[in-house]
Amino acid sequence: MTSIVQGFSKSLAMTVLSEIGDKTFFAAAILAMRHPRKLVLLGCLAALIVMTILSAVVGWAAPNLISRKWTHHITTLLFFGFGLWSLWDAFMENGEAEELAEVEAKLDADWKANPGTVKGGNKADDDSKKERQPFLTQFFSPIFLKAFSITFFGEWGDKSQLATIGLAADENPFGVVLGGILGPAVCTTAAVLGGKSLASQISEKIVALSGGVLFIVFGIQSLLSTES
């Protein structure tokens, strides 16, 4: 039970500090201003749940492919590496609104390239459009799929995903999954409900600094547990 709580608490703290001010956080906030919040939230949460479970499975399987001693050492190095990376980002960032502006510009470009996603036409046009729709859009809302894809591919290879893999290799995977789902769920819900006004008030420098310190603490704890 203790290992589950430890995995849960580590994963929760790590994902909250990793997701706040992240590109996917800003994307969720901006999408929620342009589309129904419910669909955006469901799409983002579905992507985060799938990503967390996939990452935890990879981390759980790693000790079966490599010795637990080596996976522990790799996890320790990951924590220190991500800590230094986050601290570097905190001190080298020029503008706190740059990432928000970058995400907004990309979504604006996509919006202009695909205008009128919710506009209607006559029945014949609607029927012909349905026939040309991709397979998934026949079962899921295009807005849901857009939020899902932006979040999923935005998180792919991100620090939070790699750290989740490392945590699942070193801690109880069930606890890591629970914390890894709850943390982003809270952040994404806040982004969707708060919108751009909330996102623009977040200090990326403070978040990156806090995340860097947390990763370093995890690394020290992991290093000490190796020596003991």
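Phe144, Phe148, Phe152, Phe153 and Trp156 form a cluster linked by ring pairs. Rings of Phe, Tyr and Trp (its six-membered ring) pair if their centres lie within 6.5 Å, and planes under 30 degrees apart count as stacked, over 60 as edge-to-face and the rest as tilted. This rule gives 6 aromatic pairs. Another ring, that of Phe218, has the charged end of Lys10 over it, 5.4 Å from the ring centre; the criterion is NZ of Lys or CZ of Arg within 6 Å of the centre and within 35 degrees of the ring normal.

The model is predicted: local features need pLDDT of at least 70, side-chain atom pairs count only at pLDDT 80 or more, and totals for chains, interfaces and linings use all residues. Residues are numbered from 1 along each chain as its sequence is written, and side-chain values use heavy atoms, with hydrogens and water left out.

The protein has 10 helices and 0 strands, where helices (H or I, at least four residues) and strands (E, at least two) are DSSP runs numbered from the N terminus. UniProt, in an unreviewed entry, places the feature "transmembrane region" at residues 39-62, 74-91, 135-154, 174-194 and 206-224; such annotations may be inferred rather than shown by experiment. Residues 74-91 are 100% helix, with end C-alpha atoms 26 Å apart. Residues 206-224 are also 100% helix, and their end C-alpha atoms are 27 Å apart.

Of contacts (heavy atoms within 4.5 Å) with a separation of 6 or more, 94% come from residues 24 or more positions apart.
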